[in-house]
Amino acid sequence: MKTTTITKALVQHHQEMRDLVAEIKKDSSKFIYLKKHLDVHHELEEDLLLSKLNAKKKIKDESLESQEEHVVLNLLLLDLADFPKDHERWMVKFKVFEEILDHHLTEEEEDLFPEAEDVLTKKQQEDLGAEFIELKEHRLSVALKTKPEVAKKQ
Ligand SMILES: [Fe+2]
Ligand SMILES: [Fe+2]
């Protein structure tokens, strides 16, 4: 496995999700993939990175802010999952969600992650990166298997 760091691996996953957002704007049935990716992303980001940053005085506030934004995003994901996709309001809701998601991802990439790189050792960043990739692949393969039409895509 190629060596990466936790922040690089997270940014790469952000990009995968941005690509999915663009696809969903053309085909709302793909929303389920994004929800599964984001559920896994939030869980792992919190368990592997934010939990460590919360213990660092310099970065604690920003880390907690990221975690609270996950709470908001998770509520919006549930609303989008429950709302009928053929209703004209669904795409309006999705575009509002996209703005909030984009703000969150950009804030992590521009503010939180560079500071995380300052407070974690290179070794910690690499170990967490390897752990993220392994757990992400495992959890996504389990999550995507629960829908036959999604499993086919793998
Ligand atoms: Fe996040
Ligand atoms: Fe993230």
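## Terms and model

Two residues are said to touch, or to be in contact, if their C-beta atoms, placed from the backbone, lie within 7 Å. By that criterion, and leaving aside residues up to four places away in sequence, Ala-116 touches Thr-7, Leu-49, Leu-53 and Ile-59. The model described here is a predicted one.

## Overall fold

The secondary structure of the protein consists of 6 helices and 0 strands, and reading along the sequence gives the pattern α-α-α-α-α-α. The radius of gyration is 16 Å, close to the 15 Å that the globule rule gives for 154 residues, so the protein is as compact as a globular protein of that length. Taken along the principal axes, the box filled by the C-alpha atoms is roughly 50 × 30 × 20 Å.

Of the 154 residues in the protein, 23% are buried. Among the contacts with a separation of 6 or more, residues 24 or more positions apart account for 70%.

In soluble globular proteins, nonpolar side chains tend to be buried together. Here the largest nonpolar core has 15 residues, of which Ile-6, Leu-10, Leu-49, Leu-53, Ala-116 and Phe-132 touch the most other members. At least two residues of this core come from each of helix H1 (6-26), helix H2 (31-53), helix H4 (88-119) and helix H5 (122-145), and H2 gives the most, with 5 residues.

There is also a second, separate core of 9 residues, which includes Ile-24, Phe-31, Phe-97 and Leu-101.

## Helices H3 and H4

Helix H3, which covers residues 60-82, packs with H4 at an angle of about 160 degrees, and the two axes are 10 Å apart. Angles over 145 degrees count as roughly antiparallel, and H3 and H4 are therefore roughly antiparallel to each other. Their crossing is left-handed.

On the H3 side, the residues that meet H4 are Glu-62, Ser-63, Ser-66, Glu-69, Val-72, Leu-73, Leu-76, Asp-79 and Leu-80. Their counterparts in H4 include Lys-93, Phe-94, Phe-97, Ile-100, Leu-101 and His-104, and also Glu-108, Asp-111, Leu-112 and Glu-115.

Phe-94, which has its place in helix H4, counts as buried because 20 C-beta neighbours lie inside 10 Å, and 20 or more is what a buried residue requires. Not counting residues up to four places away in sequence, Phe-94 touches Ile-24 and Leu-80. Phe-94 and Ser-141 are 47 residues apart along the chain, and their C-alpha atoms are separated by 25 Å.

Ser-51 has its place in helix H2 and is exposed, with 12 other C-beta atoms within 10 Å. From C-alpha to C-alpha, Ser-51 and Pro-84 are 36 Å apart in space, and in sequence they are 33 residues apart. Thr-3 lies in the segment before H1 and is exposed as well, since 9 other C-beta atoms lie within 10 Å. The C-alpha atoms of Thr-3 and Thr-106 are separated by 24 Å, while 103 residues separate the two along the chain.

Definitions and conventions
Residues are numbered from 1 along each chain as its sequence is written. Chains are lettered from A and ligands numbered from 1 in the order in which they are written. This is a predicted model: local features need pLDDT of at least 70, side-chain atom pairs count only at pLDDT 80 or more; totals for chains, interfaces and linings use all residues. Helices (H or I, at least four residues) and strands (E, at least two) are DSSP runs, numbered from the N terminus. The radius of gyration is taken over C-alpha atoms; the globule rule is 2.2 Å times the number of residues to the power 0.38. A nonpolar core is a set of buried Ala, Val, Leu, Ile, Met, Phe, Trp, Tyr and Cys residues joined through C-beta atoms within 7 Å. Axes are lines fitted to C-alpha atoms, for helices over the stretch in contact, and angles run from 0 to 180 degrees between N-to-C directions. Angles under 35 degrees count as roughly parallel, over 145 as roughly antiparallel, 65 to 115 as roughly perpendicular and the rest as oblique. A crossing is left-handed if the near helix is turned anticlockwise from the far one by less than a right angle, and right-handed if clockwise.
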